[in-house]
Amino acid sequence: MTQLNETTLKELVDRIFGDLGGAFSVPLVRIGDDLGLYKTLKAIGPATAEEVAVAAGCTPRYVREWLAAQAASGYVHYENGRFSLTPEQAYVFAEPDSPVNLIGAFDTAAAMVGNQAKVQSAFKTGEGVAWGDQAGCMFCAVARLFRPGYVNALVQEWLPALHGVNAKLKSGATVADVGCGHGVSTVLMAQAFPNSRFTGYDFHLGSIAAAKAHAEAHGVANVQFEVGRAQDFDGSDFDLITCFDCLHDMGDPEAAASHIRKALKEGGTLMVVEPLAGDTLEENINPVGRLYYSASTMICVPTSLAQETGLALGAQAGEKRLTEVIRSGGFTHVRRAAQTPLNMVLEATW
């Protein structure tokens with residue numbers, strides 16, 4: 001029998017217990033969000049479990065057990081029989097516009113579990129799992145996952161980091177948001193730059209319907225949404241084309257880059273927002289890489305393989321590979337304009 005290093009084994013088991021605690025917390029966090037338990041606790045805490053239950057309109061026995069689990073996870077503060085949210089806990093669980101609101105990540109994790117059977121089968125066949133065939137509302141979860149980053153950085157940091165783009169947007173530009181999903185990024189830009197016109201394109205009909213509803217709910221008039229693929233969407237003479245967290249999901253991102261280049265007017269700009277990654281596996285063996293490789297296995301690679309060409313770049317393609325893809329479309333200048341702990345922003349011109 002192989003001799004075991006007891007210290008190494010204990011470290012591994014301890015880490016797995018931590019991981020399992022997080023995995024077991026996925027449905028509890030989603031329940032807390034759906035039932036307004038975090039918001040209630042923020043509003044009335046410190047409070048007893050019974051007080052939280054009454055305020056949230058829930059049954060005390062369930063809420064008491066839920067709060068105990070949250071306290072054990074460190075997601076809720078407990079002291080002297082009362083529960084509350086620290087400012088930091090509220091920032092993560094109870095403030096939707098916080099840059100570190102992570103509820104969408106728990107939603108995405110749940111959708112990934114629901115998608116297991118389809119992806120597991122694809123491991124054997126080599127086929128993909130189409131975006132529209134993903135389990136649950138994967139599109140809703142992903143939109144919610146990326147929203148905090150867009151709300152806190154897109155208009156404030158990313159667009160100003162592009163050469164001359166902000167001035168064009170302020171005076172009046174035409175913009176295409178390719179792979180817009182539920183239109184979170186499109187609507188944010190349209191709200192910030194009322195003199196510009198925005199068109200969001202996505203190949204998923206359900207996402208376009210959600211994007212239209214999103215724009216209508218916010219009363220944004222300078223935006224429209226159309227069904228269209230990245231490699232052949234309608235429209236031309238755009239000043240700016242954006243791709244938010246979607247280039248690596250495309251079946252043929254090289255064809256998309258080529259079509260985008262042709263759809264831009266002379267002097268136009270392509271902005272590509274992608275998951276932050278190094279160019280090698282060694283650089284990505286870290287907590288962020290762990291999340292992205294896992295999501296890529298369950299979502300990104302299957303989505304790309306279900307499309308024409310199926311290049312399957314993956315969510316950790318890295319700047320070097322992404323630059324090669326963008327340059328293949330006719331762009332001669334590609335640079336990293338900005339980054340966050342989770343994303344890199346690439347600017348491409350010619």
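Predicted model: local features only at pLDDT ≥ 70, side-chain atom pairs only at ≥ 80, totals over all residues.
Local features need pLDDT of at least 70, side-chain atom pairs count only at pLDDT 80 or more, and totals for chains, interfaces and linings use all residues. Residues are numbered from 1 along each chain as its sequence is written, and side-chain values use heavy atoms, with hydrogens and water left out.

**Backbone**

Helices (H or I, at least four residues) and strands (E, at least two) are DSSP runs, numbered from the N terminus. Glycine 45 and proline 46 are joined by a cis peptide bond, with omega about 0°. Proline 46 sits in the loop between α2 (37-44) and α3 (49-56). Two non-glycine residues with positive phi are tabulated below.

| Residue | Phi | Loop |
|---|---|---|
| Alanine 312 | about 50° | between α13 (287-305) and α14 (319-328) |

**Aromatic contacts**

Rings of Phe, Tyr and Trp (its six-membered ring) pair if their centres lie within 6.5 Å; planes under 30 degrees apart count as stacked, over 60 as edge-to-face and the rest as tilted. The count is 13 aromatic pairs. Tyrosine 38 and tryptophan 66 are edge-to-face: 5.2 Å centre to centre, 65° between the planes. Tyrosine 38 lies in α2 and tryptophan 66 in α4 (residues 60-73), so this pair ties together parts 28 residues apart in sequence. Tyrosine 38 and phenylalanine 93 have centres 4.8 Å apart and planes at 15°, so they are stacked. Buried means under 20% relative accessible area, exposed over 50%, partly exposed in between (1.4 Å probe, protein chains only). Tyrosine 38 is buried at 1%. Ring pairs link Tyr38, Trp66, Tyr75, Phe93 and Phe106 into a cluster.
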